[in-house]
Amino acid sequence: MTLRISRRSMIKAAGAATGAVGIGIGIGTGVAASPATAASTSFAHPGMLHTRADLKRMAAKVKAGAAPYAAGFAKLTANRHSQSTWRPNPQAIVARGGGEVQNYPILYRDIHAAYQNALRWKITGDTAHADTARDICNAWSGTLRGIAGGSDVVLLTGIYGYQFANVGELMRGYPGFDLARFQDMMVKYFYPMNHRFLNRETNCIGHYWANWDLCSMASLMAIGILCDDRAKFNETMDYFHNGEGNGSLAKAIPYVYDDVGLAQWQESGRDQAHSMMGIGLMGTICEMAWNQGVDLYAADDSKFRKACEYVARYNLGHDVPYTTYTWKNGPHCVPTEQTVISEGARGQGRPVWERVYHHYAIRRGMAMPNTRDMVARNRREGGGGDYGPNSGGYDELGFGALAFTLDKATAPESAAAPSGSTPTPAAKSGSSGSSSSSGSPGSSGDSAAEPPTGPSAQAGKSDGDLAATGSSDLPLWTAASGVTALAGGLLLFRRRGRAAATPSDTAE
């Protein structure tokens with residue numbers, strides 16, 4: 001079996017650079033992308049996860065009762081968040097992690113309600129749903145005054161940043177929607193942490209798992225599009241190709257097995273819930289870039305396609321090749337390795353497959369046999385609230401069958417199984433392993449490991465349980481009097497005699 005290691009990974013040593021938690025707070029205007037990756041000078045609107053053509057297609061297909069759109073739309077309308085009777089519950093301060101009250105579920109539930117109502121409006125023309133989405137956006141932009149917490153605040157501003165920005169993009173131009181105030185909220189309270197995390201200063205920058213970088217990248221890109229800010233968009237583009245952290249393409253996918261068309265995901269030795277979360281986040285970034293005329297999907301010989309096939313294949317119950325993943329873990333950069341792929345959360349359902357399948361197999365006509373089978377297993381994809389009541393069930397906006405299905409084109413659907421691979425039974429969702437692991441390699445307790453296969457599987461577990469490991473001595477990320485600030489000093493997660501956080505302080 002041929003193993004290809006990315007040049008950047010070889011230079012840095014596989015997975016090396018993971019350890020101390022260090023986020024510098026310097027703010028700049030973003031890193032300009034190289035000419036080869038820069039998009040056109042103006043942004044297309046709407047132009048994040050959904051374009052005008054996408055929305056017209058959804059509306060026409062649903063009206064015609066076409067499969068799988070009709071079933072996907074039925075999934076949307078059945079979700080309690082998509083009802084026009086939803087009323088927002090905006091908070092002045094939202095916190096995740098640290099010693100604060102864990103009230104961030106209020107935010108993600110409102111975001112998903114806004115998104116689902118906006119999507120229903122775009123498909124049906126029913127302005128009752130548009131009014132609901134508008135009112136949620138306006139309520140939050142008029143109320144939010146700060147974001148607080150421990151290290152998990154990075155996840156809050158990343159995951160919910162890209163999701164909320166997508167809602168604002170859909171509502172652009174709707175009567176009564178205060179776009180300027182919404183943009184101001186995203187730039188003031190979400191963007192600074194996205195930028196600072198990606199520009200953190202530490203000797204062990206790879207301490208954080210790929211999904212930490214990826215959610216920050218997705219938010220940064222989405223805010224750039226929302227605000228017509230090319231520098232923010234290009235900062236994500238540059239990090240995708242050249243970033244030092246695990247969200248860059250070379251680090252997120254460190255090993256490629258060219259002879260079998262697979263590539264190992266960075267979190268494969270950790271658990272499968274986070275591996276699938278990573279597929280969803282990188283797919284989000286690639287789709288938003290695609291809709292702005294930039295093809296990240298094809299980068300490095302469509303390396304992301306091979307990673308999708310790898311994660312899909314293993315979660316279908318088949319063997320895949322695995323190379324020991326080595327990194328320097330924790331605030332003291334302790335050499336650590338994962339010698340086997342994890343069965344934690346193997347076979348779990350997540351709404352991440354439709355988008356990548358329809359890009360590679362339908363748009364591009366490339367073989368995606370394992371991803372195709374994951375699509376078939378998980379149809380029809382739901383959204384927030386359909387994959388468990390805790391935060392991991394809201395990591396994706398979802399509804400991929402409705403939103404990302406494209407008209408069938410000629411696509412090679414057969415591919416030989418990787419040599420030497422023998423199908424093995426997939427572990428049950430919730431099996432033991434690293435599915436409960438958290439934050440940085442070697443820590444515990446986070447949201448992405450949570451989502452069960454059904455909405456009731458996590459009943460009885462409170463949303464706040466997942467962030468209970470946040471360290472109370474971390475400075476809070478807050479905003480006072482409209483000016484972004486850090487309570488307790490001017491450093492966040494940066495060493496001051498000792499590391500400000502330990503691996504157990506981190507999540508996702």
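A polar contact is a pair of N or O atoms within 3.5 Å; within protein, one must be able to donate a hydrogen and the other to accept it, and residues adjacent in sequence count only if both atoms are side-chain atoms. By that rule, the side chain of E169 makes a polar contact with the side chain of H45, at 2.7 Å.

This is a predicted model, in which local features need pLDDT of at least 70, side-chain atom pairs count only at pLDDT 80 or more, and totals for chains, interfaces and linings use all residues. Residues are numbered from 1 along each chain as its sequence is written, and side-chain values use heavy atoms, with hydrogens and water left out.

**Overall build**

The protein has 15 helices and 11 strands. Helices (H or I, at least four residues) and strands (E, at least two) are DSSP runs, numbered from the N terminus. Of its 508 residues, 64% count as buried. Buried means under 20% relative accessible area, exposed means over 50%, and partly exposed lies in between (1.4 Å probe, protein chains only). The accessible surface of the protein is about 16500 Å², and carbon and sulfur atoms account for 52% of that surface. Such areas come from the Shrake-Rupley method with a 1.4 Å probe; for residues, only the protein chains shown count as cover. Take the contacts between residues at least 6 apart in sequence: 80% of them join residues at least 24 apart. Contact here means heavy atoms within 4.5 Å.

**Around E169**

E169 sits in helix 6, residues 153–171. With a relative accessible area of 3%, E169 is buried. Leaving aside neighbours within four places in sequence, E169 is in contact with A44, H45, P46, G47, M48, I225 and L226.

P46 belongs to the loop between helix 1 (7–12) and helix 2 (52–64). A cis bond also joins A67 to P68, where omega is near 0°. P68 is in the loop between helix 2 and helix 3 (69–78).

**Aromatic pairs**

The structure holds 17 aromatic pairs. Rings of Phe, Tyr and Trp (its six-membered ring) pair if their centres lie within 6.5 Å; planes under 30 degrees apart count as stacked, over 60 as edge-to-face and the rest as tilted. The Y104 and Y160 rings have centres 6.4 Å apart and planes at 25°, so this pair is stacked. The two tyrosines are 56 residues apart and link distant parts of the chain, with Y104 in helix 4 (residues 104–124) and Y160 in helix 6. Y104 is buried at 0% relative accessibility, and Y160 is buried with a relative accessible area of 0%. For F197 and Y208, the ring centres are 5.0 Å apart and the planes stand at 75°, so that pair is edge-to-face. F197 is in helix 7 (residues 179–198), while Y208, 11 residues apart from it, is in the loop between helix 7 and helix 8 (210–226). Ring pairs also link Y104, Y108, Y160 and Y394 into a cluster.

**Charges over rings**

A charge sits over a ring if NZ of Lys or CZ of Arg is within 6 Å of the ring centre and within 35 degrees of the ring normal.

| Charged residue | Ring | Distance to ring centre |
|---|---|---|
| R230 | F43 | 3.9 Å |
| R346 | Y314 | 3.6 Å |

**The disulfide**

How many disulfides does a search of the whole structure find? The search finds one. A disulfide is a pair of cysteine sulfur atoms within 2.5 Å. C204 is joined to C333, with S to S at 1.6 Å. The torsion about their S-S bond is about 110°, so the disulfide is right-handed. The pair links distant parts of the chain, 129 residues apart: C204 is in the loop between helix 7 and helix 8, and C333 is in the loop between strand 6 (325–329) and strand 7 (334–338). Both C204 and C333 are buried.

**Positive phi**

D300 is not a glycine, yet its phi is positive, about 50°. D300 is in helix 12, residues 299–315, and is partly exposed, with a relative accessible area of 37%. F399, also a residue other than glycine, has a positive phi near 60°. F399 lies in the loop between helix 14 (369–378) and helix 15 (400–404). At 0% relative accessibility, F399 is buried.
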